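Q: I would like to learn how to read charged contacts and helix packing in a model of this kind. Could you take me through the features one after another?

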Amino acid sequence: MSGESRAHTNLVENLIDAVESRHKHLRGFTMFADHHSFGNDRPPMIGGFTPDLFASDVPESFRIIGEAKTSLDLDNERTHFQIRAFLEHLSLRPNGMFYLAVPLFAGPRARYLVKSCLKSDGTKVITEVLTFL
Amino acid sequence: MNSGSLTLLPIHTIELDKTNPRIRRFLEAYQGEPTSDQIALALDVTGGSGDDQKGTTTPEKLRNSILTNRGIMQPIIVHRHSDGRLVCIEGNTRLYIYKSFVAEDVAGDWTMIPALVHDELSAFDVDAIRLQAHLVGPRPWDAYSKAKYLWELQHHQLMPLDRIVSLCGGSRRDVTLAIQAYSDMETYYRPICDEDDYNTEKYSGFVELQNTRVKDSILRAGFSLSDFAQWIRKGNIKNLEKIRQLPRVLGDKRAREVFIKKDIKAALDVVEKPELSVGLKGATVGQLARALTEAANSIKIEDLRRLQENPDDDVVRYIEDAFEALYYLLKQIQRGA
C-alpha cells in the first residue's frame with residue numbers, strides 16, 4: 001500500500017470511529033463503509049460516486065455521508081463533483097449530515113471547499129470537517 | 001421408513017455423501033477420491049456471499065448464521081449403513097461447515113452435530129428424503145412476510161439491528177433494505193388503501209424504491225414518497241420492475257407529464273422517441289452532422305460539467321445513440337467506397 005493510500009485508509013478509520021462514537025447510541029443505527037472490516041457492507045453509489053462512509057437509522061430519520069480526503073486529493077475537480085453530489089443528495093432529505101475527514105493542517109482548506117460546494121439556496125445539510133493528526 | 005433417532009454425532013464419524021446429486025454433478029469431472037477442496041467447491045461453500053437466487057440462502061449466510069446461533073437449528077439426516085458407516089444424506093453443506101470450523105479452529109465446540117439417524121435405509125427411502133428436502137423443501141416465506149417479521153423484531157420487540165443482522169447471516173444491506181422498504185410501505189401506502197385494497201405484492205415496488213437513484217429522482221423532481229405510493233396504487237407503474245426507469249422519466253419534462261396522466265409505459269415511449277421539431281425532421285444527415293459537430297465543439301464548460309456529473313442524463317444517452325448510429329453509417333459508407 002502506498003503512503004498516500006495508507007493515509008487515506010487511516011482517515012477512513014478515524015472517520016468510522018468518529019461517526020460511531022457520535023451516533024451509534026441511536027436506535028437502529030447502521031453504517032456502511034469502504035473499509036475491509038465492513039466486508040460486503042459497502043456504501044451505496046450516490047450521484048455516480050461511492051462515499052467512504054454511509055450511515056442512517058432504520059427506519060430512516062437521518063442520513064450521514066462521510067468522505068475522507070488526503071491533502072493531495074482535496075483540491076482536484078473530482079473531489080468538487082463528489083462533494084457537490086453528496087450534498088445535493090442529502091439536501092433532498094430531512095436531517096442530512098456530511099462529514100469530511102482530512103489531515104489536521106488541511107482543515108481550513110477543507111472548510112472552504114465544503115462551503116463553496118454548498119448551494120446558496122438555504123440547503124439544510126449539516127456539514128462538519130473532522131481533522132485528524 | 002422409521003422416524004429415526006435424534007442424537008448428537010461426532011462429525012469425524014460422518015461421511016459427506018458423494019452420491020448426493022449436488023456433489024456428484026460436480027465430481028463427475030474428477031477421477032479418483034475427491035479432495036476436501038473439491039467437495040467444498042461442489043457444495044459451493046467457497047462461493048462467498050453473492051446475492052441470493054430465488055430466495056435461497058448463500059453458503060456465506062448459512063455459515064454466519066450457524067456461527068451466530070452457535071449451531072444449527074435443524075438436524076442433519078444421517079444414514080447408518082449395515083456395516084456401521086454413517087453417511088449424511090441431507091445437510092452436507094452444514095456438515096462441511098462444521099468440519100471447516102474444526103479445521104480452522106473457530107471458537108466453540110463444533111465436533112458434535114445434531115443429527116436424525118436412520119438405520120439401513122433402502123435406496124427408495126434415501127431418494128424420498130432427498131426429494132422432500134430439495135424438490136419440495138420447506139415453504140419459504142415470501143419477501144413481504146420476511147420484511148414484516150424483521151420490522152416487528154426491530155420495532156416491536158426492540159431487538160438490536162446488529163443482532164438481527166447476525167442472526168440473518170450477516171448481510172446488513174439485505175436486512176436494512178427489507179426493513180426500510182416495509183416501513184415506507186406502511187407509512188405511505190397503507191394509509192391510502194382500503195383494507196381489501198392493500199396489496200402485499202406491491203412490496204417489491206417499495207424494494208425498488210430503496211435504490212438511491214430512484215428515491216433521489218422522485219425527491220429531486222419535487223414529488224414525495226406519498227406521491228410514489230399513489231402511483232403504485234393508481235397503477236401508473238404496473239410492472240414494478242419499471243420503477244428503475246423512474247429517473248429517466250422524471251428527468252424529462254414531457255415524459256413526466258405523460259407519466260402522471262397515463263403510466264410509465266407511455267412515458268418511456270416519450271423518452272425513447274423524443275419529439276423533434278419540423279425543421280429538424282426535414283434536415284438531411286449532412287446538415288445534422290454539421291450542426292452536431294458545431295454544437296459539440298462549442299459546448300459550454302458548465303454544460304459539459306453537468307453531463308459529467310449526471311451520466312444518466314438523457315442527453316448523454318442521445319449522444320451515445322448518435323455516436324453509434326454515425327459510426328455504423330460511416331462504416332457502411334467506407335465499405336461501399
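**Reading salt bridges and a helix**

A: Let us start with one residue: Arg220(B) has a relative accessible area of 45% and is therefore partly exposed, a class lying between buried (under 20%) and exposed (over 50%), computed with a 1.4 Å probe on protein chains only. The model is predicted, so local features need pLDDT of at least 70 and side-chain atom pairs count only at pLDDT 80 or more, whereas totals for chains, interfaces and linings use all residues. Residues are numbered from 1 along each chain as its sequence is written, chains are lettered from A and ligands numbered from 1 in the order in which they are written, and side-chain values use heavy atoms, with hydrogens and water left out.

Q: Which residue forms a salt bridge with Arg220(B)?

A: A salt bridge is a side-chain nitrogen of Lys or Arg within 4 Å of a carboxyl oxygen of Asp or Glu. Here the partner is Glu88(A), with the closest N and O atoms 2.7 Å apart, and the pair crosses between chains, from helix α2 (residues 77-91) of chain A to helix α10 (residues 212-220) of chain B; helices (H or I, at least four residues) and strands (E, at least two) are DSSP runs, numbered from the N terminus.

Q: Which residues of α10(B) are buried, and what do the buried residues pack against?

A: Thr212(B), Val214(B), Lys215(B), Asp216(B), Ser217(B) and Ile218(B) are buried in α10(B). The buried residues pack against α2 of chain A, together with α8 (172-189), α9 (203-209), α11 and α12 of chain B, where contact means heavy atoms within 4.5 Å.

Q: What caps the N-terminal end of α10(B), and what follows the helix?

A: Asn211(B) is the cap, with a side-chain oxygen 2.8 Å from the backbone nitrogen of Arg213(B). After α10(B) comes Gly222(B), whose phi is positive, near 90 degrees.

Key. A polar contact is a pair of N or O atoms within 3.5 Å; within protein, one must be able to donate a hydrogen and the other to accept it, and residues adjacent in sequence count only if both atoms are side-chain atoms.
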